[in-house]
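Subject: Structure for you to look through

Dear colleague,

Please find below the structure that I promised to hand over. Have a look at it first, and then read on for what was found in it.

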Amino acid sequence: MDRICVNVLNKINSQTGNGKYAVISADEFTENFPEGSEKTREELERALRALESNGFIDLKYNKGDMYCVAGLKEYQPEEQPAPPPAPVPAEKTHPTHSEFIFICAFAGGALGSFIISLIFALV
């Protein structure tokens, strides 16, 4: 829904209760149009038709620049889906207990093999 429709619906809901009719002039609607938009009757008619076709208002009649309208429901903006969480960079951690034991065992085996190889090389 565009900004003009939202402003027109807000004006209707502020003037009427839920389902109650009120007569509102075109000037009252156009004074609530957002900045930079055309404040013409055609834009107002377009916004009222869009709101009525989407079930937000009931337009009973319009004579000249007077409109008899009732607000049927409030506009709830669609919630944007949350962006996926950013991947967390892996933190450098200290070796765990099992990693430490593996490294010591590997180093001990390598050192033992080196010593045995030296003994056979010298004998």
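**The sheet and its helix**

In this predicted model, β1 and strand β3 (residues 66-71) pair in the antiparallel sense over five bridges, where two strands count as paired if DSSP finds at least two bridges between them, and where strands (E, at least two residues) and helices (H or I, at least four residues) are DSSP runs numbered from the N terminus. Within this pairing, the bridge partner that Ser-25 has in β3 is Met-66.

Helix α3 (residues 41-53) packs on the sheet and touches β2 and β3, contact meaning heavy atoms within 4.5 Å. The direction of α3 makes about 145° with that of β2; such angles run from 0 to 180 degrees between N-to-C directions, with axes fitted as lines to C-alpha atoms, for helices over the stretch in contact.

The sheet as a whole is open and has three strands in the order β1-β3-β2, with antiparallel pairing. Because β1 (21-25) and β2 (57-63) stand at the edges with a single partner strand each, one side of each is left without a neighbour in the sheet.

**Aromatic rings**

The structure holds two aromatic pairs, a pair being rings of Phe, Tyr or Trp (its six-membered ring) with centres within 6.5 Å, called stacked if the planes are under 30 degrees apart, edge-to-face if over 60, and tilted otherwise. The rings of Phe-29 and Tyr-67 have centres 6.0 Å apart and planes at 70°, so this pair is edge-to-face. Since Phe-29 lies in helix α2 (residues 26-30) and Tyr-67 in strand β3, the pair ties together parts that are 38 residues apart in sequence. Phe-29 and Tyr-67 are both buried, which is to say under 20% relative accessible area, whereas exposed is over 50% and partly exposed lies in between (1.4 Å probe, protein chains only).

The rings of Phe-102 and Phe-106, with centres 6.5 Å apart and planes at 25°, form a stacked pair. Both residues lie in helix α4 (residues 97-122), four residues apart, about one turn of the helix. Phe-102 counts as exposed at 59% relative accessibility, and Phe-106 counts as exposed at 60%.

**How to read the values**

Residues are numbered from 1 along each chain as its sequence is written, and side-chain values use heavy atoms, with hydrogens and water left out. As the model is predicted, local features need pLDDT of at least 70 and side-chain atom pairs count only at pLDDT 80 or more, while totals for chains, interfaces and linings use all residues.
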